[in-house]
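Please look at the sequence and the model side by side while you read.

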Amino acid sequence: MTLSADLDLSQIPFWRLPQAERMEAFRRLRALERPVLVPEQKVPFIGGGPGYYALVRHADVTEASRNAAVFSSEPCSNSIPDMPRWLGVYFGSMINMDDPRHARLRRIVSRAFTPRILAKMEEDLARAAAEIVRRAAEEGPGDFVTQIAARLPVRVICDMMGVPARCHDLVLRRTNVILGNADPEYTGLSPDFSRLNVARGLAKLLHAGYSLNRLAARLGDERRRRPTGDLVSLLVNGEERLSSQELGSFFILLVVAGSETTRNAIAYGLKLLTDHPEQRELLLADFDARIVPACDEIVRYATPVIQFRRTLTRDHELNGTAYRKGDKVVLFYNSANRDEAVFERPDAFDITRDPNPHVGFGGPGPHYCLGAHLARREMTVMFRELFARLPGIRSVGEPDFLLSNFINGVKHLRYTC
């Protein structure tokens, strides 16, 4: 079928639509008999492709996630076009790998996310949140994202990796460019997507990747000579260790996925709890009992990571639809999280939702987010600190959203106390 403009997920104008209109489009796609084949747009200097099937139902997304042997993350999962080597060297990472390479890297980096390590971080998380909120209180209400939501995740990730405090703002700016490469605010380019502007945007993307890669390489070299006990020390020493290239791509993955997605969940959380005061009252009536399910409902409703791609390794039938070897499919987590077949009143924000089998941290299977528990902890400590120190905090107006088909991002959100 030929997609109408309001259903063509490959076009930038679709991602400029208000979120309510986009979610209505995904509802219409879920109602179709089978997944649609979306044409790919040719990207200057990268190329195009044969198109991809949009997996928009919860059942399709979860089944494809579980079956990594058929629905492969190679050659890449974080780009719909095949990523050229000159980008893959920085953005390849383990999310673009299948086992056994993926299993090896995940086994090494999972050292950072054990319950023991995360428990040791509790005090540091609470202290960081308190400092950030105290500083925001001194500055006065302004932009919730830049003053508060963006500060905790990037600090946590940088502290884990041993990145000096003087480099935290640099890391934040570079991640903004990487995930906001289609957004004029972060690229400084006009949004006409001419060949020249795309070239300039790719140059900025390449520079951001190179900058973070070099930062990680310097840290790795230092920790090989003088281990300090931070995450980089764990990753570059011992029997199983990361190479300099693996460390660089993992560092980019960690700071991008770990800081950007959690900051968006925190920003959406304030907006949702403002727009639904009854849910806010419910949360504050028993914060400790309700904050974890509240975090999961925020992640379900907002779905900070919109999609990832998979590629068929062989002919396969999924829920009645036949796919051929080499076909691309894109897993739309945002749509799966609003699937009427799974979630009662899917467009309602309900922190008591139970069960809540959302795929906001990726679907089940080998690529489920390693940092899901850490994200929940960061959200928990930040909301606890916000409501304790700034009990009247509320968002004002509508957020300024990121232009992206990959990250459901909030660039700016005004707030008051």
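At what angle do helix α6 and helix α17 pack, and how far apart are their axes? Helix α6 (residues 115-139) and helix α17 (residues 372-389) pack at an angle of about 40 degrees, with 9 Å between their axes. Before going further, note that this is a predicted model, in which local features need pLDDT of at least 70 and side-chain atom pairs count only at pLDDT 80 or more, while totals for chains, interfaces and linings use all residues. Residues are numbered from 1 along each chain as its sequence is written, and side-chain values use heavy atoms, with hydrogens and water left out. Helices (H or I, at least four residues) and strands (E, at least two) are DSSP runs, numbered from the N terminus. An axis is a line fitted to C-alpha atoms, for helices over the stretch in contact, and angles run from 0 to 180 degrees between N-to-C directions.

The helices α6 and α17 are therefore oblique to each other, given that angles under 35 degrees count as roughly parallel, over 145 as roughly antiparallel, 65 to 115 as roughly perpendicular and the rest as oblique. Helix α6 passes α17 in a right-handed crossing; a crossing is right-handed if the near helix is turned clockwise from the far one by less than a right angle, and left-handed if anticlockwise. Contact, meaning heavy atoms within 4.5 Å, is made by residues of α6 that include L118, M121, L125 and V133, and by residues of α17 that include L374, V381, M382 and L386. By class, this contact of α6 with α17 has twelve nonpolar, one polar and six charged residues, where Ala, Val, Leu, Ile, Met, Phe, Trp, Tyr, Cys and Pro count as nonpolar, Asp, Glu, Lys and Arg as charged, and the others, Gly among them, as polar.

Helix α17 also meets helix α13 (residues 244-275), and the axes of these two come within 10 Å and cross at roughly 45 degrees. That makes α13 oblique to α17, and the crossing is right-handed. On the α13 side the contact is made by T262, A265, I266, G269, L270 and L273, and on the α17 side by A375, E378, M379, M382, F383 and F387. Sorted by class, the contact of α13 with α17 has nine nonpolar, two polar and one charged residues.

Another pair is formed by helix α8 (residues 151-161) and helix α9 (residues 168-179), which pack at an angle of about 115 degrees with their axes 10 Å apart. That angle makes α8 roughly perpendicular to α9, and α8 passes α9 in a right-handed crossing. The residues that make the contact are R151, V154, R155, C158 and D159 of α8, together with H168, D169, V171 and L172 of α9. Four nonpolar, one polar and four charged residues take part in this contact of α8 with α9.

We can now turn to single residues. A polar atom of the K328 side chain lies 2.9 Å from the backbone oxygen of I80. Leaving aside neighbours within four places in sequence, K328 is in contact with residues that include E40, Y52, Y53, D82 and R309.

F406 is found in the loop between β8 (394-401) and β9 (410-416), and at 19% relative accessibility F406 counts as buried. Although F406 and L179 are 227 residues apart in sequence, they are 7.9 Å apart in space, C-alpha to C-alpha. Not counting residues up to four places away in sequence, F406 touches N78, L179, P304, V305, I306, Q307 and F308.

Some backbone details remain. A cis peptide bond, with omega about 5 degrees, joins E74 and P75, and P75 lies in the loop between β3 (71-72) and α4 (85-91). D99 and P100 are also joined by a cis peptide bond, with omega about 10 degrees. T303, a residue other than glycine, has a positive phi near 45 degrees and is buried, with a relative accessible area of 1%. R345 has a positive phi of about 45 degrees although it is not a glycine, and R345 is exposed, with a relative accessible area of 51%.

Technical notes:
Polar contact = N/O pair within 3.5 Å; in protein donor to acceptor, adjacent residues only side chain to side chain. Buried < 20%, exposed > 50% of the residue type's maximum accessible area, 1.4 Å probe, protein only.
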